[in-house]
There are 2 protein chains.
Amino acid sequence: MDVVSETAKAARAERGPYRKGVQRRQEIVSAAAQVFAERGYNGGSLRSIGERVGVSSASLVQYFGTKEGLLTAVLEEWARESRPAGTDGLRGLAWMRSMREAMVYNATHRGLIELFLTLTAEATNPAHPARTFVQHRYAMVVAEHQRHLHEAVADGEVTPLSETEVEQEARLFVAAMDGIELQWLLDPRVDLLELFDRFLESTLARWAG
Amino acid sequence: MDVVSETAKAARAERGPYRKGVQRRQEIVSAAAQVFAERGYNGGSLRSIGERVGVSSASLVQYFGTKEGLLTAVLEEWARESRPAGTDGLRGLAWMRSMREAMVYNATHRGLIELFLTLTAEATNPAHPARTFVQHRYAMVVAEHQRHLHEAVADGEVTPLSETEVEQEARLFVAAMDGIELQWLLDPRVDLLELFDRFLESTLARWAG
């Protein structure tokens, strides 16, 4: 088998209809993310998503099956984009401090935060199709905070905490970030990073005992 | 003028078409609040609101003009219901502590919290019709927290804070409450009051210096 010519063929194929299909799919997911961020999932119609990229509702259904299928694609994209790199190797309070990088990232990706908070608030309704995703996301994020707070206690960076206290502190950390982001989205005078810095420093000082 | 018979006439009138109209109007506002809490303002249709109370979309328009008129009525009702009594005379940290009563109230009025958080998240979109209401609400709530924190500093309950620090602490207090409520709505295992109590006590201890 001629590998070179196979590769060349594949490259040609990528410039052809297949690549165009991938690109169109990506445009649709981006448009859907914008519309869901602005109007919510329930309030964002397939028609208005289609209009942004100049395709019919029927075409959207061809690509994604249903509106729920499109939501799944948007959530997958959101999860990929909202995960800032560089925190994986960190331990204990170094990881907690790296949440500041996440906030810097968020400050320049307003649409992602708007999308997540809008879908999260909608998903407080048990019947919402994003509920399971959002619940898993929170469970994962809280668990990550718990794990790193445990490490910080083990390393003597933080005074001893009971299991319940570690979970509560993890939840309060995540709660503060959500609430800060919400106020920032609503009021352009709110300085996201200044507010987060005060929260972070006072929390770390409190944990140090 | 015969006052008694005038009163009797008024009472008969209240049992008549006028009273029925007031009652119907109230039913519509309650149904709209439920639908907006479940699906958001953008996602909640006049048709689905009408179906809950057995009236046509045309009747809704007769009562409230537009969907936005109905939203205004829902927000007015929300503002009335969500204001727990008994905190008006309190000062400084006593007022801050009374936020626990607000949380106890919220814990038994899940629909009100769901309505407010859903509309707030939608209103992160500058074009949302509830945006001005939500922005005013936050400005007022943050200002109330600032005022009482100022009192606490003046009374020596809290160590001195700069003007900027008072505003930041007020915002972080409100942010924590929003974030805690969001997690509680998403996860039935979250204990709203336990989480709030830990937040409140650790914040008061931190402020005491």
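Tutor: We shall take the domains, then the pairing of the chains, then the salt bridges. This is a predicted model, in which local features need pLDDT of at least 70 and side-chain atom pairs count only at pLDDT 80 or more, while totals for chains, interfaces and linings use all residues. Residues are numbered from 1 along each chain as its sequence is written, chains are lettered from A and ligands numbered from 1 in the order in which they are written, and side-chain values use heavy atoms, with hydrogens and water left out.

Student: Into which domains is chain A divided?

Tutor: Domain bounds come from an automatic or database domain assignment. Chain A has domain 1, residues 3–80, and domain 2, residues 85–208. Taken over C-alpha atoms, the centres of domain 1 of chain A and domain 2 of chain A are 30 Å apart.

Student: How many residues of domain 1 of chain A are in contact with domain 2 of chain A?

Tutor: Contact means heavy atoms within 4.5 Å. By that rule, 14 residues of domain 1 of chain A meet 13 residues of domain 2 of chain A. Buried area is the accessible area (1.4 Å probe) that two parts lose on being put together, summed over both. Between domain 1 and domain 2 of chain A it is about 1,200 Å², with 75% given by carbon and sulfur atoms. On the side of domain 1 of chain A, the residues that lose the most area to domain 2 are A37(A), L75(A) and W78(A), together 55% of what that side buries.

Student: How is chain A related to chain B?

Tutor: Copies are superposed by least squares on the C-alpha atoms of residues with pLDDT of at least 70 in both. Here a rotation of 180°, with 0.0 Å of shift along its axis, superposes chain A on chain B with RMSD 0.0 Å. The two copies are therefore related as by a two-fold rotation axis. In chain A, the C-alpha nearest the axis belongs to G43(A), 1.9 Å from it.

Student: Through which surface do the copies meet?

Tutor: They meet through the same surface, because 100% of the interface residues of chain A are also interface residues in chain B. Each side is counted: 43 residues from chain A and 43 residues from chain B take part. Chain A and chain B bury about 3,900 Å² between them, 57% of it on carbon and sulfur atoms.

Student: How many salt bridges are found across the interface of chain A and chain B?

Tutor: Side chains of opposite charge can pair when their charged atoms come close. A salt bridge is a side-chain nitrogen of Lys or Arg within 4 Å of a carboxyl oxygen of Asp or Glu. The interface of chain A and chain B has 6 salt bridges, whereas the count between domain 1 and domain 2 of chain A is 0.

Student: What is the count of salt bridges over all chains?

Tutor: The count is 30 salt bridges over all chains. D155(A) and R91(A) form a salt bridge, their closest N and O atoms being 2.8 Å apart. D155(A) lies in the loop between helix 8 and helix 9 of chain A and R91(A) in the loop between helix 5 and helix 6, so the pair ties together parts 64 residues apart in sequence. Helices (H or I, at least four residues) and strands (E, at least two) are DSSP runs, numbered from the N terminus.
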